[in-house]
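Reader: I'd like to learn how to read helix packing and pockets in a model. Can you walk me through one?

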Amino acid sequence: MIMVQVLAAFVAVFTIAMVQGVPKKFLFWCGINSAVSWLIYMICQDAGMSIAFSTLISTLAVALISHIFARIFKSPVTVFLIPGILPLVPGVNTYRIVYYLIQEDSVKSSYYFNLTLQIAGMIAIGIFIIDTIFKIISSIARNKRIQILQQLIRLHEEKRAISEINEQEIIEKARILNEEIARRNEENYIPKD
């Protein structure tokens with residue numbers, strides 16, 4: 001039963017991504033991302049976790065996969081993230097809120113409202129956590145690259161300074177040598193009468 005739902009999540013997101021204008025080369029990967037998210041969600045549910053916690057775990061996986069795909073395919077994270085979280089979005093619960101409001105059952109309406117807020121919050125927190133982790137990693141990598149570039153610039157400047165010193169020494173030695181040659185020529189000069 002789980003595999004049928006995972007396949008359905010793949011097909012549904014694949015077609016929605018196609019309609020939303022996701023580039024064709026990413027459609028399969030968007031479907032894979034959503035299928036993985038739903039598989040993790042279902043496994044968490046079968047393990048007895050709450051809906052909100054299952055959503056958080058699944059969202060963490062989706063966001064992680066989305067960031068990895070974005071770096072592999074050199075595309076924006078949202079290309080993979082938005083289709084990936086679609087199976088987790090609490091659309092049915094939102095419908096139930098309105099349905100029970102119309103039925104004037106405020107207890108059930110409040111329950112689904114609370115559940116919807118929890119699920120939406122877990123989706124937001126999961127995306128935020130992974131996004132923050134990747135920003136920290138990117139910042140560390142960028143700082144490392146900056147340090148390496150600064151070292152290269154320093155080495156280049158030192159090399160230029162050494163070459164300028166060598167150049168100045170050569171010029172100074174050539175001037176001294178020319179003066180010595182001129183002095184010797186003056187000493188050895190015998191005027192012709």
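Predicted model: local features only at pLDDT ≥ 70, side-chain atom pairs only at ≥ 80, totals over all residues.

Reader: Which residues of α2 and α4 make the contact?

Author: From α2 you get Phe 26, Trp 29, Cys 30, Asn 33, Ser 34 and Ser 37, and from α4 Val 79, Phe 80, Pro 83 and Gly 84. By class, that contact has six nonpolar, four polar and no charged residues.

Reader: How do I describe a pair of packed helices?

Author: You give the angle between their axes and the distance between the axes. Here, α2 (residues 24-46) and α4 (residues 78-85) pack at about 45°, with axes 8 Å apart. That makes α2 oblique to α4.

Reader: And at what angle do α2 and α3 pack?

Author: About 155°, with their axes 8 Å apart. The two helices are therefore roughly antiparallel, since angles over 145 degrees count that way. The crossing of α2 and α3 is right-handed. Among the residues that meet are Trp 29, Val 36 and Ile 40 in α2, and Ile 57, Ala 61 and Phe 69 in α3. This contact divides into 14 nonpolar, seven polar and no charged residues.

Reader: Now pockets. How do I find out where empty space is left?

Author: Roll a probe the size of a water molecule over the atoms. In this model, the largest pocket has a volume of about 240 Å³. It has 15 lining residues, and the closest to its centre are Trp 38, Tyr 41, Pro 87, Val 89 and Asn 93.

Reader: Which elements give two or more residues to that lining?

Author: α2, α3 (51-73) and α5 (91-102). By class, the lining has ten nonpolar, four polar and one charged.

Methods
Residues numbered from 1 in each chain as written. Heavy atoms only, no water. Axes fitted to C-alpha atoms, helices over the stretch in contact; angles between N-to-C directions. Helix = DSSP H or I, 4+ residues; strand = E, 2+ residues; numbered from the N terminus. Parallel < 35°, antiparallel > 145°, perpendicular 65-115°, else oblique. Contact = heavy atoms within 4.5 Å. Nonpolar A, V, L, I, M, F, W, Y, C, P; charged D, E, K, R; others polar. 1 Å grid on protein atoms, 1.4 Å probe; cavity = no way out; pocket = protein on both sides within 12 Å on 5 of 7 lines; lining within 4 Å. Points joined across faces, edges and corners; volume = space filled by probe spheres on them. Left-handed = near helix turned anticlockwise from the far one by under 90°.
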